[in-house]
Amino acid sequence: MNRNFKFKGLIAGALLCGLIGCGGGEKKESDAGSPFPRSKTLYLAGSQWGDPTTFNPMADVWASTWPVGKGAFNLVYEPLLSFNALDGKFEPCLGSLVSKSGDEIVIDINPEATWSDGQRVSAADVKFIFEIGRRFKDAPTAINAEYFTEIKVEKVQNNGVETERLTFVVEKKVRNNPLIILDHITQTRIVPSHIWEKALADNGNDLSAVQKIPVDGSAVVSGPYKTEAATNEKVVLKRRDDYWGNKALFGGKKPVPEFIIHPIFKSNDAFSIALQKGELDGSQTFIPRIWMKQKDGVKTWFDQAPYFLAGAVPIFVMNTTKAPTNDKNFRRAMAAAINYNDVKELAVSGYSPDIQPGLIMAGIGIEGKYFNADDAKQFGVSYDPERAKKILADAGYKSVYKADGTLDYMTDKKGTKLPTLFIKSPAGWSDWEAIVTIAVKGLRAAGIDAREGFVDASLYWPARGSGDFDILLTKPDNAVLPSTPWSRFFNVMTSSTWRPIGQNMNENYGRYNNPKSKEFNPMVEKLLKEIPTLSDPAKLSEAYRALNKIFMIEQPAIPLAYLPEQFYEFSETRWTGWPTAADPYAPPLLPWVGASTKILWQLQLAK
Amino acid sequence: MLKQYPTLRYILQRGGWYFITFVVAVAINFYLPRLGSNNPVKIIMGNTSQGLSSEAVKEKEEKYLKEFGLVKVKNGNIVRNEDGSPVKASILEQFISYVGMCFKGDLGTSFQKYPKKVLDVIKEAVPWTIALQLPTILFGWIVGNVLGALAAYKRGIFDKVFFPISLLLSSLPFFVFGMLLVYQFAVVWDCFPAMGGYAGDLIPTFSWAFFSSAAYHYVLPFFSIFLIAAGGQAIGMRSMGIYELGTDYIKYAKWLGLKETRIIAYLFRNAMLPQLTGLALSLGTMIGGALITEMIFSYPGLGMAMLTAIQNNDYPMIQGCTLLITVCVLIANFTVDILIGFLDPRVKAGLQIGKGK
């Protein structure tokens with residue numbers, strides 16, 4: 001704040017105070033007396049919204065606080081490996097990847113990795129958290145254990161250093177999915193078993209009781225930071241100068257910021273204002289028209305459209321158990337009726353490249369190579385209102401218009417009146433609402449009787465799993481994982497976890513490809529089972545192509561845009577050295593997620 | 001009984017009614033959130049079940065149902081129907097256990113902020129809410145009423161300028177005014193902080209740095225509420241004043257040739273009565289927080305906590321907040337009732353007549 005501003009501030013304050021003749025308050029910045037000097041503190045936001053609850057690493061993910069819960073945050077507890085979505089490589093963390101195949105994944109534990117109490121990170125720690133599902137079915141990482149039969153531990157010599165080698169043996173009968181094991185290895189953070197095993201013993205082996213143990217900054221951790229303080233307005237992390245990885249992974253350097261503060265804001269505007277004012281150094285929220293903020297130093301991965309690196313696909317899922325969305329012709333007509341360019345330009349502020357038919361993001365990241373342009377042309381449906389009308393007419397659908405020319409309803413080929421289709425989406429998510437509104441406009445123009453169905457988020461979540469919708473807007477993948485894009489196909493198309501409408505299903509919300517129906521296409525399940533086990537690139541490419549072809553023909557869902565995995569925004573007002581498309585040394589994620597954690601060692605104070 | 005103590009009788013009678021109101025309000029607050037078909041555990045599971053096997057999902061769901069007291073439990077085990085599904089606890093059973101817990105001073109555990117206690121959430125938020133709301137309401141009320149009474153009595157040019165300004169202020173929505181303040185003072189002029197209850201680099205402590213920072217951050221949120229509240233009060237007082245000016249007793253007083261200050265005092269006292277009730281109501285509801293202000297300024301307080309609780313069917317949190325609001329509204333109203341009993345000659349007269357019976 002320069003003197004001029006201060007002066008204006010005093011005048012403004014005096015004016016405001018003068019209105020009622022009472023003292024307004026002290027007008028000065030508290031920088032000098034702050035326990036967290038700005039030059040040593042990095043401000044990042046967007047991962048914690050509500051009050052901090054617990055930093056207990058055993059607690060359920062939804063109930064724990066950043067940086068312990070909700071995502072692959074590597075600051076306090078660390079995973080074995082980090083996945084770099086830019087090059088598809090596995091970067092060492094607590095362990096390093098030795099080999100992976102369809103049968104086993106071999107990882108060496110970093111012999112230098114230690115807990116903050118000085119104990120070595122050991123195979124016992126890894127086994128504790130990975131195999132906890134065999135003891136407690138409802139533990140947050142319980143699912144891990146279903147994918148391997150065992151974790152073999154042996155001692156090997158690496159350049160004369162005794163190292164523990166872990167071999168995850170892929171469970172072949174039911175899951176047979178090494179991709180998911182890799183997801184788990186990069187997402188599951190290891191906790192010190194000597195602490196938590198004891199906590200379990202002290203609490204009569206009751207996991208619920210252990211999950212409620214309060215945890216503070218004195219907890220035994222392995223990461224480069226520890227929790228320093230938490231209030232309802234912020235979470236503060238402090239650098240651990242004795243972090244093992246400084247020497248083992250970063251050539252003796254320490255992370256540059258001594259403190260990381262995550263302010264907890266109550267509205268989206270706050271992020272944008274704080275970034276523009278240089279009070280926030282990085283954020284991950286949707287800020288419309290980000291190019292208007294560039295003059296205030298708010299930057300993104302690309303400095304022009306689409307600004308962000310794509311990583312996730314929002315889709316419309318259609319309920320395939322009822323008419324008319326059970327008809328693939330109808331679904332294809334819908335896909336042809338939506339103006340994807342409007343979605344891109346108007347709903348998501350241009351933060352998407354042009355999209356192509358199919359469920360693979362054409363030209364994006366590691367998966368881009370699986371896209372086949374000829375197939376897309378031959379089998380896919382793009383925006384084409386005339387084609388939409390033609391498909392509908394060919395399939396016998398008729399639109400009935402009112403006297404004033406507006407759409408009244410639609411009939412199928414038997415002449416039965418069809419119900420209005422509602423597109424369910426959480427109310428108040430402005431970019432999602434805009435997507436739905438644009439889609440409704442296109443659908444109605446093509447003669448399809450669709451309407452917006454905005455509901456409270458608390459109603460949206462249960463409706464999603466139980467299939468209580470006509471059409472649903474959802475985003476099947478939230479992060480680029482080792483299993484992407486397989487996981488996207490699985491989330492959209494699998495019927496291996498089939499539950500009827502009314503019961504909860506975590507994939508395939510639209511109940512596509514009922515295994516008990518006549519139309520069941522066994523090829524979908526076969527390909528979904530096969531892809532994770534393939535390591536030959538040519539075969540893998542072939543399998544993805546076949547699966548994407550089925551997706552385009554049957555159209556169980558409609559991809560709408562390619563959005564970023566995270567809206568990675570940063571300001572260079574205080575700190576420089578952020579990765580960008582021009583200097584892609586880390587993926588476009590805030591420096592606490594997976595392979596992007598290394599940004600912390602690269603930042604410099606702005607001059 | 002108590003015939004010879006009409007005031008005491010009045011207070012007891014009022015107190016009795018307030019107690020009944022309290023019981024009914026608590027019951028309704030308890031019942032209403034449970035009317036919807038949406039069960040809070042389903043909301044949590046919708047967020048958390050990704051990637052779990054259906055068996056684990058079921059186990060987890062039952063764990064929460066049991067933990068939150070939504071199913072019947074016998075000897076630590078869930079009571080089950082013949083098909084193995086847990087037997088839901090009826091609303092009456094939930095109510096009884098809730099009242100029992102309340103008497104022990106336990107408002108339960110928040111579902112959404114699990115494993116945080118409702119009481120802790122309230123304790124953390126309420127000081128901020130009171131610090132923001134109490135001064136704005138009181139100052140707004142006093143300043144508004146004085147200005148309103150003046151406008152009513154003086155009329156002329158003062159009123160002609162003052163009235164439209166108050167009208168404008170009082171009809172401005174909070175969020176528009178708040179955003180205008182942020183834009184002008186925090187973004188364009190950059191002389192006040194745009195958000196937060198204190199500087200981003202501080203932790204609340206009993207220190208000069210914290211309190212001065214809190215005071216600095218207080219200015220914009222304060223004015224965003226104060227000006228609008230004062231405007232509204234002033235309009236109310238002005239019209240009440242003008243009405244009272246035309247009443248017989250004022251005319252009579254003038255005719256008697258009483259001093260002007262005396263007449264204004266009478267006028268003010270009578271015109272103030274409805275305003276006083278209004279004040280009581282706003283003081284009572286203030287504890288619910290200034291949601292819009294909290295959101296615009298990312299200001300700490302109870303409003304946001306309540307909003308998320310309602311959105312997520314967080315029963316214990318909703319109950320805790322509404323209980324607090326109920327108690328505050330009733331206490332505030334009760335106090336005003338008693339005060340009016342002393343201030344309002346008509347009520348006093350009523351009491352006198354009661355004595356005669």
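Predicted model: local features only at pLDDT ≥ 70, side-chain atom pairs only at ≥ 80, totals over all residues.

1. Helix α8 of chain B, residues 208–245, has a kink of about 35° at B:Tyr218.

2. Is α8(B) enclosed or open to the outside? Of its 38 residues, 28 are buried, so the rest of the structure largely encloses this helix.

3. Moving to chain A, you will find 17 helices and 25 strands. Its C-alpha trace spans about 75 × 75 × 50 Å along the principal axes. The radius of gyration is 26 Å, which agrees with the value near 25 Å for a compact globule because that is what 607 residues would give. Buried residues account for 51% of chain A. Among the chain A contacts with a separation of 6 or more, 65% link residues 24 or more positions apart.

4. Next, have a look at an open sheet in chain A with four strands in the order β4-β5-β7-β6, paired antiparallel. Its edges are β4 (95–100) and β6 (148–158), each of which pairs on one side only. From one strand to the next, the twist averages 25°. As a reminder, strands of a sheet pair through backbone hydrogen bonds, in either a parallel or an antiparallel way.

5. A:Ser96 has A:Asp108 in β5(A) as its bridge partner.

6. Which helices go with this sheet? Helix α3 of chain A (residues 178–187) packs on the sheet and touches β4, β5, β6 and β7, with its direction at about 20° to that of β5(A). Helix α2 of chain A (residues 123–130) lies across β5, β6 and β7 (161–170), and runs at about 165° to β6(A).

7. Further along chain A, strands β8 (residues 225–231) and β9 (residues 234–239) pair antiparallel over six bridges. The two form a hairpin, with two residues between them. A handy landmark is A:Tyr225, which stands opposite A:Arg239 in β9(A).

8. Strand β9(A) is mostly covered, with five of its six residues buried.

Definitions and conventions:
Residues numbered from 1 in each chain as written. Chains lettered and ligands numbered in written order. Rg over C-alpha atoms; globule rule 2.2 N^0.38 Å. Buried ≥ 20, exposed ≤ 12 C-beta atoms within 10 Å, placed from the backbone. Contact = placed C-beta atoms within 7 Å. Bend = angle between axes of the 7 residues up to and from the residue. Pairing = 2+ DSSP bridges. Axes fitted to C-alpha atoms, helices over the stretch in contact; angles between N-to-C directions.
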